[in-house]
Amino acid sequence: MSNRRSFLKKSLLGSSLILPSGLASASASFFKKSLSEKQKPLILSTWEHGMPANDRAWEVLMQSDNIVDAVEEGVKVTELDMDNLSVGLQGLPDREGIPTLDASIMKGDGSCGTVAFVRQVRHPISLARKVMDETPHVMLAGEGARQFAIAQGFPMEEETLSPRAEEMYQEWKIESKYKPIINIENHDTIGMIGIGADGKMAGSCTTSGLAFKMHGRVGDSPIIGAGLYVDDEVGAATATGLGESIIRICGSFLIVELMRQGRTPQEACEEAVKRLVAKNSKDIKDIQAGFLAVNKDGEYGAYAVHPGFNFAKHHQTDKSLVDSKSWFK
Ligand code: SD4
């Protein structure tokens, strides 16, 4: 909880002491309502590229009042960002030199769609949305996902690497060693979670996954409950970082369940990181992972294994980039 909000809560507690009891509780509920309403709508995204993505999401939300459209359109900005080497077809390829993409989208009513290990699709998030809206399934993978994209009229893109990705791939090929490296280009997935003025929530997550991964490797981002989870009754969470470590603890689902049990988003993210550290203790020095969460009142939190994780937040009166705290200092 921000200092300002805890200050307001404390002052409210103080003021209710001097009011007659009926008036005090009316005043308390008025203030509680206006406090939480101030936080809605709210859009949060992982990393600095979340700033332009949030701007677009906000614009769509203001025009349509539709939080699902907002989180889809928002991350499409990142999918097109040529400077981002972890999202979209311009991202770093797998060991065979092929970019393969993972994405998921989820609504607070439990509807969700995901695509994994998909090729040649410029906007995997929109393909995930089609899986959610147009099929009875949750997840399509690989060639099946690509065929579905063609059937849905998605253009098939060339698989030529972006100049920067090609250069880095050629450099990597000299040693051909896969080693996760924290906080550089290979950890830049965008996860976006948002809450509309009406309290409806949604989230999206899209990535080219780990650089130089094995062909066919799928990370946490398209796994509902790992890279993304949303429940209108509680809140939403998303993840970035080494997918294997996040999948092992069902990170995003864990955070939502901890919030359901009464933890704040901040406490829930911290507990998830604690579990992740415990379950991945052998390699933890080389593992970066970060979580971002919001509850249905619009309170939010974030926490990472190592320093360096940040997130973008956008609401009515403020848009800013916030540094997350971390397990290792
Ligand atoms: C993955 N979680 O595929 C993704 C990578 C990532 O920021 O988050 N990069 O494991």
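1. Basis of the note. The model is predicted, and local features are reported only at pLDDT of at least 70 and side-chain atom pairs only at pLDDT 80 or more, whereas totals for chains, interfaces and linings use all residues. Residues are numbered from 1 along each chain as its sequence is written, and side-chain values use heavy atoms, with hydrogens and water left out.

2. The shell around the ligand. There are 14 residues around the ligand, and those that come nearest are D188, T189, R217, D220 and G241; a residue is taken to be near a molecule if one of its heavy atoms lies within 4 Å of it. Sorted by class, this shell holds two nonpolar, nine polar and three charged residues, where Ala, Val, Leu, Ile, Met, Phe, Trp, Tyr, Cys and Pro count as nonpolar, Asp, Glu, Lys and Arg as charged, and the others, Gly among them, as polar.

3. A polar side-chain atom of R217 is placed 2.7 Å from an oxygen atom of the ligand, and an N or O atom in the side chain of T240 is 2.9 Å from a ligand oxygen. The protein covers 100% of the 290 Å² of accessible area that the ligand has on its own, with accessible areas taken from the Shrake-Rupley method with a 1.4 Å probe and, for residues, only the protein chains shown counting as cover. A polar contact here is a pair of N or O atoms within 3.5 Å; within protein, one must be able to donate a hydrogen and the other to accept it, and residues adjacent in sequence count only if both atoms are side-chain atoms.

4. The largest cavity is the space taken by the ligand. On a 1 Å grid over the protein atoms alone, a cavity is a set of points where a 1.4 Å probe fits but cannot get out, and a molecule sits in a cavity if more than half of its atoms lie within 2 Å of its grid points.

5. L276 belongs to helix 10, which spans residues 265–279; helices (H or I, at least four residues) and strands (E, at least two) are DSSP runs, numbered from the N terminus. L276 counts as buried because its relative accessibility is 0%, buried meaning under 20% relative accessible area, exposed over 50% and partly exposed in between, with a 1.4 Å probe and protein chains only. Although L276 and I249 are 27 residues apart in sequence, their C-alpha atoms are 6.3 Å apart in space. N280 is in the loop between helix 10 and strand 9 (289–295) and is likewise classed as buried, at 5% relative accessibility. The side chain of N280 makes a polar contact of 2.5 Å with the side chain of R248.

6. From K40 to P41 the peptide bond is cis, with omega near -5°, and P41 is in the loop between helix 2 (21–38) and strand 1 (42–46). D198, in the loop between strand 5 (190–195) and strand 6, is 157 residues from P41 in sequence, yet the two are 8.1 Å apart from C-alpha to C-alpha. A polar side-chain atom of D198 also lies 3.0 Å from the backbone nitrogen of K200.

7. Two residues with positive phi. W47 has a positive phi of about 65° although it is not a glycine, and W47 is in the loop between strand 1 and helix 3 (50–64). F212, also not a glycine, has a positive phi of about 60° and is found in the loop between strand 6 (201–207) and strand 7 (228–231). Are W47 and F212 buried or exposed? W47 is buried, with a relative accessible area of 6%, and F212 is buried at 9%.

8. Buried strand residues. M201, in strand 6, counts as buried at 2% relative accessibility, and its C-alpha atom is separated by 7.4 Å from that of A236, 35 residues apart along the chain. Y229, in strand 7, is buried with a relative accessible area of 17%, and the C-alpha atoms of Y229 and A293, 64 residues apart along the chain, are 9.5 Å from each other.

Methods: On a 1 Å grid over the protein atoms alone, a cavity is a set of points where a 1.4 Å probe fits but cannot get out, and a pocket is an open set with protein on both sides within 12 Å along at least five of seven lines; lining residues have an atom within 4 Å of a point.
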